[in-house]
Amino acid sequence: MNPDDPLLQILACPLDKGPLHLVPPDEALYNPRLRRRYPIVDGIPQLLPASGEQVSDEEHEDLLKRCTGGSTEVPGTPGTAS
């Protein structure tokens with residue numbers, strides 16, 4: 001899966017139905033609003049609610065930087081940069 005994959009445009013978090021962000025290099029999809037990471041196994045996103053894992057504050061900051069190119073603002077949240 002790559003950042004330009006059209007599949008990323010239709011994938012959504014199973015809990016809040018919001019967009020997910022690819023964490024390079026293709027190791028996970030991340031929902032920064034709920035701070036949940038979903039693994040990608042053999043190229044297949046694991047999007048069952050039980051597959052997601054909650055991340056710590058420190059890991060959240062790291063994942064945001066990785067999926068937004070250095071920004072620590074939550075993409076898709078009103079009042080922040082998208």
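**View 1. The residue after helix α2 in the predicted model.** G69 follows α2 and has a positive phi, near 75°. The model shown in this and the other views is predicted.

**View 2. Length of helix α2.** Helix α2 holds twelve residues, 57–68. At 1.5 Å a residue, α2 should span 16 Å, and the distance between its end C-alpha atoms is 16 Å, so the two values agree.

**View 3. The buried residues of α2.** H60, L63, L64 and C67 are the buried residues of α2, buried being under 20% relative accessible area. These residues lie on the same side of α2, because the arc they cover around the axis is only 105°. Their cover includes three strands: β1 (21–23), β2 (28–31) and β3 (36–41).

View 4. Strand β2 is covered on both faces. A28 and Y30 are buried on one side, and L29 and N31 are buried on the other.

**View 5. Pairing of β2 with β1 and with β3.** Three bridges link β1 and β2 in the antiparallel sense. In this pair, V23 stands opposite A28 of β2. Strands β2 and β3 also run antiparallel and are joined by four bridges. Here A28 is opposite P39 of β3.

**View 6. The hairpin of β2 and β3.** Four residues lie between the two strands of this hairpin. R35 in the hairpin takes a positive phi near 55°.

Conventions: Residues numbered from 1 in each chain as written. Predicted model: local features only at pLDDT ≥ 70, side-chain atom pairs only at ≥ 80, totals over all residues. Heavy atoms only, no water. Expected span 1.5 Å × (residues − 1). Buried < 20%, exposed > 50% of the residue type's maximum accessible area, 1.4 Å probe, protein only. Arc of directions from axis to C-beta. Contact = heavy atoms within 4.5 Å. Pairing = 2+ DSSP bridges.
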